[in-house]
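Please read it with the structure open.

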Amino acid sequence: MLKILVCVKQVPDVNLVKIDPVTGSLIRDGVPAIMNPLDGSALEAAVRIKETYGGEITAITMGPDNAAAVLRECISVGASQAILCSDYAFKDADTLSTSYVIGKAAKMFGEYDLIICGKETLDGATGQMGSQLAERFGATMVSSTSLIMEVNEEMGTVIAERELEGGVEVLEAQMPALFTVEKTNYQPRIPNFKGWKFARTAPITKLTADTIEGLDRNKIGAPGSGTIVPRTYPPEKAEGGMILDEGSVEKNVAKVMEILADKGLV
Amino acid sequence: MTKFDYKNMWVYIEHDGTTISTVSLELLCEARKLCDVTGDKLVAVAVDGLPEAELAKIRATGIDQMMVVHGTGYERYNNDAYTNLFTVLCQKYNPSAVFVGGTTNGRDFAPRFAARLNTGCTSDAIEVVYNPESGDIEFIEPAVGGKMMAVITVPVLRPQVGTIRPGTFKYEPVGEKAEIEVIHETVDFDPALIRTKLLKFIPEEDDGAVNLAAEEVVVCLGNGLSGSDKLGKYQELADLLGGKLGCTRPVFDRGILPFKQMIGQSGVVVKPKLLVSFGVSGAINHTAGMKDAGTIIAVNSDPDAAIFGVADYGIVGDMDTVCDMMIEALKARQ
Amino acid sequence: MAKFNPVTPEIAEQLKAIVGEKRFQYGANVKEEYSHDEMPIYGKFPPEAVVEVETTEEVSKIMKICNDNLIPVTVRGSGTSLTGASVPIHGGLVLSTARMNKILSYDMNNMAVTLQPGVLLQDLAADVEKHGFYYPPDPGSKTSTVGGNIATNAGGMRAVKYGSTRDYVLQLTVVLADGRVMEIGKTVTKSSTGYSLTHLMVSSEGTLGVITQMTLKMVPKPSKNISALLIFENLEDCVATVPKIRIANLDPQSIEFMDADIVRSSTVFTGKQLFPEKYSGKNVDASILVTLVGEDDDELANRVEKLANLAEAHGAIDTLVVDTPTLKTEVWAARSAFLTSIEGDAKLMDELDVVVPVDKFAPYVLFVRKQGEELGLTVRNFGHAGDGNLHIYTCSNDKTLDEFWAANNELMDRCYEECKRIGGSMSGEHGVGHGKVKYLKESVGDIAFGLMQGIKAVFDPNGILNPGKVCS
């Protein structure tokens, strides 16, 4: 039976995040926490594979306790196991340490033939997790997957389409394989009542730094991260609503072209 | 070994055997500036097989060293061989930084070899600055959907691995150095260990269909447009800007452009990087569909037109005249 | 009908003096957008002049001038009407309230908000929510003005639970045709004070007076919501379930109906397959989207369960539950794209906005489908099933304009007649405008129509307010 791991993340809906015009800081009040949209596509891809070939889906996430909500979404459409890695010690983890924790935690529950992630997250958008998780699992890496076309359990292979800049490549990948998926063909489905109801109270396995087997404390959280974010700042503001008055239409046009050139838009 | 013992900055030269990916050349130019500050050597790392004309483009960026990679496993990009290659080379040479173009393939293997080397990796930077105090490169990236800029560094580990967004830097070669050291490295990767097989490649087809929602540049025509006979010049402007034409409801109603090019609440909602609007009054039904564009330039003969309220920059004037001037200016730039 | 006078240059000067040059358009300077609404098939009628008013005093002065000179006045918000209601078919003056867009004050204890008529519905809804309340009326066009909503008694999806705009109007400031200013209504919840002039203004489409300020009722904001999509293999089963949902005491906020055609158009238009067309190997012919609101997760879940059981008992293929912020946003965006996707598909289009008794909804939908087939028109429909309000769009891509009108008028005649026969009303929330005057008379009958005309004459003896609309 195919064992499928789906890796998901809860993110703030950044489309709704506003910037305080005075302080320049992020206003997160009232911004809902959602499943990273491309992770929804990853989940959909997993569910379709399960529908076609059979199999068992395990969902995993790292985050605060309320990140269980995104695992319940996974359960509502067919995940049979859900793992939440939650510990203060995981705080401020970058992809290097997050992939380490996820890898260690998921392996406690067996091996996986297919590991599926969203291509990138809405908030961090590094797009690094898939590649680094592939390293943790020793899996074949297929990024920017637009369609998983065929899974051949006997041969241990998967045929998938991968979106590149100039076209699409069709690859045959050996399992275990990790796919990061694009939205293209994977609109997440709406769960049915039965799945939704079950998910409301379904058990979720919570793991902490102490309960994940063989975890090296130096490799988790901030100490285990390769990168830090020393500071953030608001992007330069546009001088909104400015009607140019350089003396003549010619000069106004010249000014606009100059502005566009400065912004790298021409 | 501390981070200060790692020397030199590498740029991965992505190529298909005949042409170098533009982003690699852009990166060389930017990394050259960094090396000028830090005193590191600029090293171009390329798999063998590039024609002389392309190699000349690399040399022209002022590289100090050219590392040519030989061996099996690299004919076609694959995650397995390229991850291994950079792991092996970095372990041998200990570079301070490795820059990789943020193409789909670049972002496919860079994080993985960084993980294998247990070092930090950053993604999609649009600016790189050297901080002499810490000795780290500051990778500056848009975050939270572009609402914030984040500075990312790799404070302890080395090499600093970073992918850079294509089109961010300019290819402005400073000129070839008199002496360029050429190193030949052979790293064989057993083709049997490559776990992906390319079955076929389907090049992207341009079916000519307009999908405004996905365009990065939109030229929008409003009811100030005198007639379809003037469409040509706006099409020319859109072509020069690398964008497509859109319109407001009246222009659609007049049968000048099809519905799928109508921008607004009851049409297409667009979020291009640049929207240039001509003869648009700025009714809310329209602006609801375009106000989130990155930069909005509005041209209207009426200084009180509501469109100026949502525009970043406005020009009061005859739209046809302004369009002609913009075309001229763009042609002059080319 | 009185013979109207043109806006002469002298009168234009007088009008301009009231609002100033920047807020006045005359003759060739009148912008094109004022000559039509969102149903341009009813023709374009440019006004002779446009004033963009900012105060009640300005409106009063302008009305006096127009009344004295017999100049027609058409009040316009953001022009999102679908019946030509805001189009000056007799020329004259368009009085735009778009600049009267301020929310003036909140009365928290009495749950009331006072505002100007040009405030956009979306801005009011957002602002009210910011204050912790809810303004329930939600017609599809979120960029319509609240003044326009009152003038057409706009409803929307939440009307099932909350009623339509009429139920939220407490107090109005109205400028009469001759320029007198009247304040009607009170910020209280009950009133037994003679004829309700407030209610008379609601749905009057600018034929009785100009609304320049209003106080509206708000309700406490429900803290949670959840939607369920009930999918059916056939339309009759689907629609037959609607009355059952209503009597099951589930207190839905909205019950929306969609058939397979509209789902397909919407999918093609948005590029997203959100509502299933096939499910468990079965074709989905029709679906209903039910939204429940409440304060408690478990209590809501109970109602969802009852709903799912009820759906199953009435032949639904399955019930899908929309419970994540992402799905909620996507589902309502897809629902909102229905009209746009129809517009995108069709070169020629007209619409009906009938309301039929809920138990006649299914046969009526089938009746309309059949008429479309007979007359060679594409018929798309969706609607507020919970209150029997069906939006029917007739479309054609291959007919000439004349052919379309011939077929369309025949279809309209048949559909309105059938609607009347089964006890329905000719418009639920879009109004009459000038596109539907003929059907209003047929729908309400001669006596009622005559009374309406009598009321109109009392308010506006010279007939200058939005002539040619509703009953004038």
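The points below go from the whole chain to one strand and its neighbours.

1. This is a predicted model, in which local features need pLDDT of at least 70, side-chain atom pairs count only at pLDDT 80 or more, and totals for chains, interfaces and linings use all residues. Residues are numbered from 1 along each chain as its sequence is written, with chains lettered from A and ligands numbered from 1 in the order in which they are written.

2. Chain A has six helices and 15 strands (DSSP runs numbered from the N terminus: helices are H or I, at least four residues; strands are E, at least two). Its C-alpha atoms fill a box of roughly 75 × 40 × 40 Å along the principal axes.

3. Of the 266 residues in chain A, 53% are buried (20 or more other C-beta atoms within 10 Å of the residue's own, C-beta atoms being placed from the backbone).

4. Strand E7 of chain A, residues 81-85, has five of its five residues buried. In a regular strand the side chains alternate between the two faces of the sheet. On one side of E7(A) are Gln81(A), Ile83(A) and Cys85(A), on the other Ala82(A) and Leu84(A), and all are buried.

5. Which strands pair with E7(A)? Strand E6 of chain A (residues 56-62) does so in the parallel sense over five bridges, pairing being at least two DSSP bridges between two strands. Met62(A) has Cys85(A) as its bridge partner. Strand E13 of chain A (residues 205-207) also runs parallel to E7(A), joined by three bridges, with Thr205(A) opposite Ile83(A).

Terms used:
A residue is buried if 20 or more other C-beta atoms lie within 10 Å of its own, exposed if 12 or fewer, and partly exposed in between; C-beta atoms are placed from the backbone.
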